[in-house]
Amino acid sequence: MTTLAILTADIESYTQYDAAEFVSAIPTFIETTESRIFFFVQLPFFRRAQTGTLTSGNPYLQLPSDFLAPSSLAITVPVTLETIYLLNKDVEYIREVYPFAATTGVPFCYALFDADNDDTTIIIGPTPGAAYACSLNYFYKPASLTTDTGGTWLSEHAYDVLLYGCLSEAANWMKRNGGVDNMADTYEQRFIIGLQGLKN
């Protein structure tokens, strides 16, 4: 498994640049690259499920702290035990179709509600008229290689994507800070090719 130390050494080797400020920026390159990968590719390895209960009269559901993107939200109807998958809509749709939070019923749809900068809440439409068991399937953001220094799934199974993304970030940093690296376009192209491979 590729560790943080190995990736750091490879970045220094490819760029032939080891100034102290550059080395101190390498964790930022890694975290930025990981975020780009998770933004563009929804890998099945990073899925989780969480169960809970929708409360009668409450149109909001708190999201897990590691939430990245929804996959599905299902409820179980209390009497029939029927499972219903809710439709993922925009907040505007829910506000237009269900303008009054006091109007309750069997939930039909949900949306990410921007309660704060982390989108930590889901809004349900209509407001649940009873307590419903629910199951949220979602994509989560795993620990970064910068904190899990022994290795991560990406560092083991998608090292080339991680490396070329970091090199692209490093090349951009070097251009802004007076270093010279004319390989930025090549690194970015290799990163994009690697992303496509992950998607497949």
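Accessible areas here come from the Shrake-Rupley method with a 1.4 Å probe, and for residues only the protein chains shown count as cover. The structure is a predicted model, in which local features need pLDDT of at least 70 and side-chain atom pairs count only at pLDDT 80 or more, while totals for chains, interfaces and linings use all residues. Residues are numbered from 1 along each chain as its sequence is written, and side-chain values use heavy atoms, with hydrogens and water left out.

**Exercise 1. Describe the surface and the overall dimensions of the protein chain.**

Step 1. The protein chain exposes about 10,700 Å², of which carbon and sulfur atoms supply 51%.

Step 2. Along the principal axes, the C-alpha atoms fill a box of roughly 65 × 30 × 30 Å.

Step 3. The radius of gyration, taken over C-alpha atoms, is compared with a globule rule of 2.2 Å times the number of residues to the power 0.38. The protein chain has 22 Å, whereas a compact globule of 200 residues would have a value near 16 Å.

**Exercise 2. Find the largest nonpolar core and the elements that build it.**

Step 1. A nonpolar core is a set of buried Ala, Val, Leu, Ile, Met, Phe, Trp, Tyr and Cys residues joined through side-chain atoms within 4.5 Å; buried means under 20% relative accessible area, exposed over 50%, and partly exposed in between, with a 1.4 Å probe and protein chains only. Of the 200 residues of the protein chain, 44% count as buried.

Step 2. The largest core has 47 residues, and those with the most contacts inside it include Leu7, Phe22, Ile37 and Ile122.

Step 3. Helices (H or I, at least four residues) and strands (E, at least two) are DSSP runs, numbered from the N terminus. Among the elements that give two or more residues to this core are α2 (20-40), β3 (67-76) and α5 (159-176), and α5 gives the most, with eleven residues.

Step 4. Apart from this core lies another, of six residues, among them Val91 and Ile123.
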